[in-house]
Amino acid sequence: MKTGLAKLSLALMAAGAIGTSAHAATTLVYCSEGSPEGFNPAFYTSGTTFDATSKNMFNRLVEFKLGTTETVPGLAERYEVSADGLEYTFHLRKGVKFHSTKDFKPTRDFNADDVLFTFNRQGDKNHPYHTVSSGSYEYYNGMGMNTLIKEIVKVDNYTVKFVLNQPEAPFIANLAMDFASIFSKEQADALMKAGTPEKLDIDPVGTGPFQKVQYQKDSLIRYTAFEDYWMGKAKVDRLVFSITPDASVRYAKLKAGECDIMPYPNPADLKQMEADPNINLMSQEGLNVGYLAFNTQKKPFNDVRVRQALNMATDKNAVIDAVFQGAGKVAKNPIPPTMWSYNKDTVDYPFDPVKAKKLLAEAGYPDGFSTNIWAMPVQRPYNPNARRMAEIIQEDWSKVGVKAEIVSFEWGEYLNRSKKGEHETLLLGWTGDNGDPDNFLYVLLGCDGVGGSNRAQWCNEEFNNLLLNAKQTSDKAERTSIYEEAQTVFKREAPWITVAHSVVYEPIRKEVKGYKIDPLGGHYFYNVSK
Amino acid sequence: MFQFILRRLSLVIPTFLGITLLTFTLIRLIPGDPIEVMAGERGVSAERHAELSAQLGFDQPLYVQYFRYVTGVLQGDLGNSLITKEPVMKEFLTLFPATIELATCAAIFAILIGLPAGIFAAVKRGTVIDHSVMTFSLTGYSMPIFWWALLLMLVFSVNLGWTPVSGRIDVVYWIDDVTGFMLIDSLLSDEEGAFTSAVSHLILPSIVLGTIPMAVIARMTRSSMLEVLSEDYIRTARAKGIAPWRVIVIHALRNALIPVITVIGLQVGILLSGAILTETVFAWPGIGKWLIESIGRRDYPVVQGGILIVACIIIVVNLLVDITYGIVNPRIRHSR
């Protein structure tokens with residue numbers, strides 16, 4: 001029977017091959033890890049959705065330079081910032097075309113109306129599109145744009161001015177984020193007139209290098225290269241996302257040549273991938289940090305000596321070896337090394353249990369104490385196995401007399417309870433949104449984050465003032481030195497044990513050229529050829 | 001027969017209500033707030049949380065939410081997914097053809113192999129053939145699906161290159177979604193080789209998904225056949241000199257089939273409700289994967305609606321099985 005089946009499938013494959021040769025167009029296949037939640041990137045926060053939408057279908061006023069976290073001009077050719085840092089004037093690019101769909105053919109080029117539509121839809125509660133698709137604009141609100149933007153003024157068809165309520169240097173980086181992808185107002189108007197506004201979020205047109213042709217839910221997304229792309233047509237003719245949730249299966253497809261690029265390989269497969277002559281295993285440090293936060297509002301962690309002692313009692317190298325299997329690096333700063341203003345001179349606490357015990361005795365705990373370590377129930381790039389990590393730390397701490405119990409909750413509960421500070425110490429992490437240090441330091445350690453994303457519940461005046469200063473300075477060199485100083489304060493005060501930055505691996509087929517790993521975790525295919 | 005069907009149908013309404021209540025309560029009993037899960041590490045402010053709760057209707061007391069849900073269902077509205085914002089029914093209809101296609105092929109595979117194997121084992125009882133069939137079916141029954149799928153994939157797709165690894169059709173074919181059944185859509189398209197590509201993509205998933213039903217069918221057929229073969233009328237038939245194959249196929253098999261049909265019916269019901277593991281491994285866009293993902297995301301409307309539809313399917317399949325009994329066995333037909 002098996003021989004029969006084999007013969008049959010051989011015949012079928014041969015027939016398939018004849019069919020294939022009829023297509024001369026080059027197709028790039030990306031085996032994505034999941035289905036996009038939808039096609040309007042402003043509604044979502046997951047990278048899977050951004051890869052399928054904003055990264056390849058849309059543009060923003062400013063863009064991240066590929067392979068870096070620097071911003072470069074996008075749909076705006078240039079911009080000016082007023083001296084008080086409150087007004088940003090964008091001069092828009094002319095001759096930028098939108099894609100078309102079966103039902104919509106654009107009659108005009110991109111202009112200021114599209115910019116106003118994109119932002120007002122998210123920010124203005126009375127905008128006719130605000131509640132369409134029961135839209136919730138998590139990133140727009142999450143990045144504070146709702147309170148930051150005072151108004152957006154159309155100066156002329158190709159000039160737009162953003163007026164802010166207070167100076168905010170990371171504003172430009174925010175505009176390069178996925179939620180700021182520019183939609184077509186002309187399409188929105190046409191759909192509203194037709195009585196089907198929700199179609200804008202299912203089948204939108206963008207100005208990006210690829211236009212969506214078809215989405216077969218949970219199976220495939222097909223794109224064609226956009227002929228009229230303002231930077232020139234992409235190097236491949238077709239782009240296909242072949243949705244493959246299992247990492248071992250993605251690898252099997254890559255080996256069989258059914259996909260060209262795959263994200264998120266199993267750490268256990270890395271060695272084999274490296275040895276495979278058909279595969280080029282690319283890697284880069286990820287824009288993330290995995291940490292253990294002490295609840296600094298609870299005893300004994302309100303004492304800096306205790307926090308420092310536990311930093312010294314933890315053997316981070318052992319953690320990295322056991323948990324990351326080579327796909328991680330020891331972290332000494334709260335921001336990753338690929339980010340600008342990373343302080344290379346920070347001196348980390350050495351692994352020194354003897355000194356740790358001494359410090360604990362000084363703090364009044366010669367015999368240690370009992371506490372808990374919360375371990376996340378989910379896998380994340382910055383912490384692939386929180387339970388294992390917690391066990392190693394528990395073991396290390398027991399050597400200095402600190403008895404820790406490992407606690408875990410369902411993910412939603414975990415996040416909710418830890419926001420309220422129910423933990424004593426907890427494992428968590430962060431992946432950067434916009435490449436700006438503020439997005440790590442202020443969000444995770446600023447006083448505003450206490451009771452929210454600041455899981456250490458740590459509010460240090462010196463540190464916080466430095467961050468507030470940096471927010472109001474648009475000079476990058478000045479901001480860099482402020483952030484470097486802030487990292488020194490952070491290390492001295494030790495509200496966290498900075499555990500690890502993950503290393504991102506992306507195996508691609510040897511014939512794929514021009515692919516670059518995006519430090520922000522996205523997958524762009526404009527420059528890729530094969 | 002008609003009365004029998006009516007009686008069965010009248011039981012459907014309380015069953016439905018029970019299912020709506022169960023799915024509604026069970027998904028809410030799982031800890032984890034959908035809004036927190038959606039927000040992840042980034043978190044959501046208390047104010048925004050309240051706003052979203054109100055928007056999604058979660059701020060209402062549970063009985064109001066349940067009433068709204070049931071009213072919606074009665075009007076044919078299963079609600080919209082919290083994540084994709086699309087109607088649950090539309091998502092279901094998009095994914096269900098893929099599940100039917102795979103389930104049908106798996107069932108055909110299971111029956112074509114399982115039934116003859118069971119008959120053969122019964123006829124050759126106690127021989128090497130019987131023992132081998134039983135050993136194989138026991139192995140098939142206890143095979144971990146995930147492992148089995150990866151094993152077949154590595155051997156036939158990666159090493160030998162005979163079958164594709166996963167998906168429904170080769171990416172070079174751009175097939176329009178007409179019926180949702182890839183076999184039909186690929187035939188309808190003008191693209192040469194598309195149909196064979198679709199068939200080749202079905203081979204491994206069908207074998208993997210059909211393995212357990214095949215084993216169950218083989219074992220059930222064997223034991224049922226053994227029972228029938230020892231009956232007096234079979235001995236009489238043999239004594240009359242009827243050809244051995246006629247005794248087995250015409251006289252024995254027809255009677256032995258009743259429990260086998262029950263088993264096949266149950267298995268098909270299970271297959272149609274989606275095969276989570278097979279669908280995940282082969283990246284098959286069916287409803288099993290859809291449901292399991294929505295449980296993870298606490299997508300209440302999808303879980304409630306999806307499970308309700310799946311339950312309906314199982315009820316319908318069971319009804320059809322009952323009707324088939326009547327056709328196969330006149331005694332049942334007349335006694336009702």
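The exercises below work through selected features of a predicted model.

Local features are taken only at pLDDT of at least 70 and side-chain atom pairs only at pLDDT 80 or more, while totals for chains, interfaces and linings use all residues. Residues are numbered from 1 along each chain as its sequence is written, chains are lettered from A and ligands numbered from 1 in the order in which they are written, and side-chain values use heavy atoms, with hydrogens and water left out.

**Exercise 1.** Find the strands that pair with strand E14 of chain A, and state how they run.

Solution. 
1. E14(A) covers residues 370-374; strands are DSSP runs of E with at least two residues, helices are runs of H or I with at least four residues, and both are numbered from the N terminus.
2. Two strands pair if DSSP finds at least two bridges between them.
3. Five bridges join E14(A) to E15(A), residues 403-407, and the two run parallel. Within this pairing, Thr371(A) has Ala404(A) as its bridge partner.
4. Two bridges join E14(A) to E16(A), residues 425-431, also parallel. Here Ile373(A) stands opposite Thr425(A).
5. Together with helix H14(A), residues 386-398, E14(A) and E15(A) make a right-handed β-α-β unit. Right-handed means that, with the strands pointing away from the viewer, the path from the first strand over the helix to the second runs clockwise.

**Exercise 2.** Locate Ser341(A) and Ala283(B), and decide whether each is buried or exposed.

Solution. 
1. Most residues other than glycine have a negative phi, and most peptide bonds are trans.
2. Ser341(A) has a positive phi near 80° and sits in the loop between strand E13 (328-330) and helix H13 (353-362) of chain A. Its relative accessibility is 6%, so Ser341(A) counts as buried.
3. Ala283(B) has a positive phi of about 50° and lies in the loop between helix H13 (276-281) and helix H14 (287-296) of chain B. Ala283(B) counts as buried because its relative accessibility is 3%.

**Exercise 3.** Describe the peptide bond from Lys299(A) to Pro300(A).

Solution. 
1. The bond is cis, with omega near -5°.
2. Pro300(A) belongs to the loop between strand E12 (288-294) and helix H11 (304-313) of chain A.

Methods: Buried means under 20% relative accessible area, exposed over 50%, partly exposed in between (1.4 Å probe, protein chains only).
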